[in-house]
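Please read them beside the sequence and the coordinates.

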Amino acid sequence: SSYEKGAKKCQQKKKESGKTAVEVARILGVSASAISNYEKGIRTIGLEQVLILATLFECTEKEIIEAN
């Protein structure tokens, strides 16, 4: 699904940034397990968090929520 592809894209962006799940979780105000669940496509992410991730990873919101 588009959501699962977006989750993989987010995981890739996190890896490229050199940030750990714990660091990203702290920035978003969630647990590291929540980040893991998002990357696995188990948990959805809110719009505010998408905006923060797009800024953090220097990409578009679209890149966070769906595959290119």
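1. Basis. This is a predicted model, in which local features need pLDDT of at least 70, side-chain atom pairs count only at pLDDT 80 or more, and totals for chains, interfaces and linings use all residues. Residues are numbered from 1 along each chain as its sequence is written, and side-chain values use heavy atoms, with hydrogens and water left out.

2. Val-30. The loop between α2 (21-28) and α3 (32-39) contains Val-30; helices here are DSSP runs of H or I, at least four residues, numbered from the N terminus. Val-30 is partly exposed at 22% relative accessible area (buried is under 20%, exposed over 50%, partly exposed in between; 1.4 Å probe, protein chains only).

3. Contacts of Val-30. Neighbours within four places in sequence aside, Val-30 is in contact with Ala-25, Ile-35, Arg-43 and Gln-49 (contact means heavy atoms within 4.5 Å).

4. Helix α3. Its buried residues are Ala-34, Ile-35, Tyr-38 and Glu-39. They lie on the same side of α3, because they cover an arc of only 135° around the axis, taken from the directions from the helix axis to the C-beta atoms. Gly-41, with a positive phi near 80°, follows α3.

5. Glu-58. In the loop between α4 (47-56) and α5 (61-65), Glu-58 has a positive phi near 50° although it is not glycine. Most residues other than glycine have a negative phi. Glu-58 is exposed, with a relative accessible area of 74%.

Conventions
Helices (H or I, at least four residues) and strands (E, at least two) are DSSP runs, numbered from the N terminus.
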